[in-house]
There are 2 protein chains.
Amino acid sequence: MEFKVTHTCSTSGARCGEMVTAHGRFETPVFMPVGTQGSVKALSPQDLEQAGIGILLANTYHLYLRPGHRLIERLGGLHRFMSWKGAILTDSGGYQVYSLSKLRKISEEGVTFQSHVDGSTHFIGPREAMEIQRALGSDVIMAFDECAPYPADEAYVRNSVRLTSQWAAICRECPRGDSQALFGIVQGGMVPELREQSARDIVSMGFDGYALGGLSVGEDRPTRRRVIQETVPFLPSDKPRYLMGVGKPEDILDGVRAGIDMFDCVLPTRNARNGALFTRQGTLSIKNACYAEDDRPLDEGCTCYTCTHFSRAYLRHLFMAKELLAYRLNTLHNLHYYMGLMTDVRKAIQEGRFAGFCEDFFERSGE
Amino acid sequence: MEFKVTHTCSTSGARCGEMVTAHGRFETPVFMPVGTQGSVKALSPQDLEQAGIGILLANTYHLYLRPGHRLIERLGGLHRFMSWKGAILTDSGGYQVYSLSKLRKISEEGVTFQSHVDGSTHFIGPREAMEIQRALGSDVIMAFDECAPYPADEAYVRNSVRLTSQWAAICRECPRGDSQALFGIVQGGMVPELREQSARDIVSMGFDGYALGGLSVGEDRPTRRRVIQETVPFLPSDKPRYLMGVGKPEDILDGVRAGIDMFDCVLPTRNARNGALFTRQGTLSIKNACYAEDDRPLDEGCTCYTCTHFSRAYLRHLFMAKELLAYRLNTLHNLHYYMGLMTDVRKAIQEGRFAGFCEDFFERSGE
């Protein structure tokens, strides 16, 4: 994987860059839609391509449980399995083990947990996480980490940082595919000293990129912004920086301002399925009765398939009638909104007007 | 609407034709996928266009209840509402009132029933059915009929034929759009004399086309075949003949052989959502464990998006994981199968080898 910074902002940490993987190139800051089970819900690979998606995220935990990484490997890897020509980043499974599985037990070696699918018992540690991601063949793989809950006392977070560093060192030495980039994850909860310590530990091991984990777990936006701003300075500027699981448009702008290059979040896709749609005039809940006879597109001027073909009235009808097409049309629109936002962000940085762009955005959205 | 027969089969009643509507032309025999609530489930208008669909069916009963025909009319009619450029046939609502609604009460004037959506009370008679379809603006509209259940005693069927004729005469005189073709419906259950009487009644009124209703309601295939064969001779040969709600591929071939031009059925789309997929080697249930590692497409040689991009293993994974993409990919394939079947049928008739085509088909499918 190659990464180079192409533009920097003079008034913030924001920057533009380019990543080249074995499955294509894309520009940063980039947003990665989430394809948890090897499918971005309701969309086909063709839909993703047409939406301009260069890289998506798939979940190691889910694919390990079903259909199994061995099966995917035998069928030629995840790209071939899901017929996706672009790049894929897989998470380490750490976060899902903590958030989705039952009866998890953390030891020095890793985590024993019960599957959310069938209740069966499993163990994932750093070696297992690396082996699963090697088998999946994703372009960017993540070190196995311990994600502290929120809130957590300092002793818990300190231990989580220790385990994360210990496991990262093991991941660093595990076999992986020739073209697979390995990112380390910085933990440390909301505690400045622990974030610094975690960042120093992880950076000292030398990874292809660095992620901030353990955010968007319930903390408020100012806290999140503070942690990001305090942590980024400890990360090398020539490697990509990835803010995991974030976020809302305003959180993404906060991240970009602090120097983050990569984002992922279920928000645009999950909200779409719940009828919450992003527009440049704010969020719109399509089930609202006021849209029943609204002949306008979701977002006047939006060029997505949904907005160029269907009215709010039709989209409301599909949603109320639980028609499957509703989920696809809504998801296409929300992803188009996110992709447009990232294009605008990059253009503003490249043209030296990112500060003004943010001001306008926050003024318009009231955030 | 224009209709002309272009080819006839020398060994059966089969024929090819062409229909021209205000929303495009298509060849017959034609299969119409069902877009009950103004959407062929899981597919976009673009998907339908790419699958070669020339005409689809929408349900008057459903659209009347939700979102309401008045709303659709105010928004420019059903074509515009659902962004569909091709032709649309709407049924009269009669069949759905009987099969879906609760507490229905039939009188000489029509049917009072409770909505399956919210339990509210409604009345639809011939005038209401015509007015709803006028408002929807579909290209082919259907007379309001009384569909006898199966089995039904002869007295019930006789009354159903009487009401159907009485209501057809009213429908014939109701106002409708300039470019809307009106089809009459022949009832009569499985009773030859009543089918003949119903056909004579309806044909004497002069409609733009004639449908056989009250079939595929539980009777066996030989009975269905017999009723079709006994009824078609009473229909004029220069008007389209439509076999409502039918059916399986073998039922469609039976119908074509007897001289039917139009078919509709939820089978390809509903089966797709249940994981039952049509292939030229028979039906395949994608959830079967034997497909877990099957790297082949659903149907070797099929040119649909699903078969040219995804393995049975991936489709099984999507289905087992309840991924929304499963429903779209499966539906695309099943509709492609049906469209291919109809293309093959028309070609065989045009090339004077329809008898052999049927023999081959039934031999291969074992039906």
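**Ground rules.** I number residues from 1 along each chain as its sequence is written, and chains are lettered from A and ligands numbered from 1 in the order in which they are written. Since this is a predicted model, local features need pLDDT of at least 70 and side-chain atom pairs count only at pLDDT 80 or more, while totals for chains, interfaces and linings use all residues.

**Domains of chain A.** I looked up the domain assignment, which gives domain 1 (2–265) and domain 2 (272–334) in chain A; such bounds come from an automatic or database assignment. The C-alpha centres of domain 1 and domain 2 of chain A are 31 Å apart. I found 5 residues of domain 1 of chain A in contact with 5 residues of domain 2 of chain A, where contact means that C-beta atoms, placed from the backbone, lie within 7 Å. On the domain 1 side of chain A, the touching residues are 3 nonpolar, no polar and 2 charged. Here Ala, Val, Leu, Ile, Met, Phe, Trp, Tyr, Cys and Pro count as nonpolar, Asp, Glu, Lys and Arg as charged, and the others, Gly among them, as polar.

**Q114(A).** I placed Q114(A) in strand β8 (residues 111–114) of chain A. Helices (H or I, at least four residues) and strands (E, at least two) are DSSP runs numbered from the N terminus. Leaving out residues up to four places away in sequence, Q114(A) touches S101(A), K102(A), L103(A), G119(A), S120(A) and T121(A).

**Helices α8(A) and α9(A).** I checked which residues meet: P192(A), R195(A) and A199(A) in α8(A) meet V227(A), E230(A) and T231(A) in α9(A). By class, this contact has 3 nonpolar, 1 polar and 2 charged residues.

**Chain B against chain A.** I noted 33 residues of chain B in contact with 33 residues of chain A. On the chain B side, α3 (69–74), α4 (78–82), α13 (312–320) and α14 (324–350) each supply at least two residues. Which helix of chain B gives the most to this side? α13(B) does, with 5 residues. The chain B side divides into 18 nonpolar, 8 polar and 7 charged residues.

Technical notes:
Contact = placed C-beta atoms within 7 Å.
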